[in-house]
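Q: Please go through the labels used for this model. For each one, set the value against its cut-off.

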Amino acid sequence: DELIVLFVLTVAVAVYFYYHRLDFNAMVAGEEVAQSLGVKTKMLTYATMILSSVLAAASISIVGIIGFV
């Protein structure tokens, strides 16, 4: 059950990243350039940070704490 939830979450986040791949490419050129191309940079940045955090939290909650040697 837990792996199915993690799989669905991972696919959903991957689809989000794939859908916004051109926006991320525009952000590489700079925030002002991306804004001039019509990218909502603040929303994209916040949504990316939140989705990345949720995916990392879900992965760690299922797999366990990562041990560093």
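Q: What makes the place of valine 15 a helix position?
A: Valine 15 lies in helix 1, residues 2-19. Helices are DSSP runs of H or I with at least four residues, numbered from the N terminus. The model is predicted: local features need pLDDT of at least 70, side-chain atom pairs count only at pLDDT 80 or more, and totals for chains, interfaces and linings use all residues. Residues are numbered from 1 along each chain as its sequence is written, and side-chain values use heavy atoms, with hydrogens and water left out.

Q: Why does valine 15 count as exposed?
A: Its relative accessibility is 52%. Exposed means over 50% relative accessible area, buried under 20%, and partly exposed in between, with a 1.4 Å probe and protein chains only. Valine 15 therefore counts as exposed.

Q: Which residues make the nonpolar surface patch?
A: Ile4, Phe7, Val8, Val11 and Val15 make a patch of about 490 Å². Nonpolar side chains (Val, Leu, Ile, Met, Phe, Trp, Tyr) are joined within 5 Å, like charges within 9 Å. Areas come from the Shrake-Rupley method with a 1.4 Å probe; for residues, only the protein chains shown count as cover.

Q: Why is alanine 26 called buried?
A: Alanine 26 has a relative accessible area of 11%, so the label is buried. This residue is found in helix 2.

Q: Why is serine 61 called exposed?
A: The relative accessible area of serine 61 is 58%, so this residue is exposed. Serine 61 belongs to helix 4, residues 41-63.

Q: What makes phenylalanine 17 and phenylalanine 24 a tilted aromatic pair?
A: Rings of Phe, Tyr and Trp (its six-membered ring) pair if their centres lie within 6.5 Å; planes under 30 degrees apart are stacked, over 60 edge-to-face, the rest tilted. By this rule there are two aromatic pairs. In the pair of phenylalanine 17 and phenylalanine 24, the centres are 5.8 Å apart and the planes 55 degrees apart, hence tilted. Tyr16, Phe17 and Phe24 form one aromatic cluster.

Q: Why does phenylalanine 17 count as partly exposed?
A: Phenylalanine 17 is at 28% relative accessibility, so the label is partly exposed. Phenylalanine 24, at 24%, also counts as partly exposed.

Q: How do you know that the charged end of arginine 21 sits over the ring of tyrosine 18?
A: The rule asks for NZ of Lys or CZ of Arg within 6 Å of the ring centre and within 35 degrees of the ring normal. The charged end of arginine 21 is 4.2 Å from the centre of the tyrosine 18 ring and sits over it.

Methods. Patch = residues over 30% accessible without salt bridge, like charges linked within 9 Å, V, L, I, M, F, W, Y side chains within 5 Å. Salt bridge = Lys/Arg side-chain N within 4 Å of Asp/Glu carboxyl O. Helix = DSSP H or I, 4+ residues; strand = E, 2+ residues; numbered from the N terminus.
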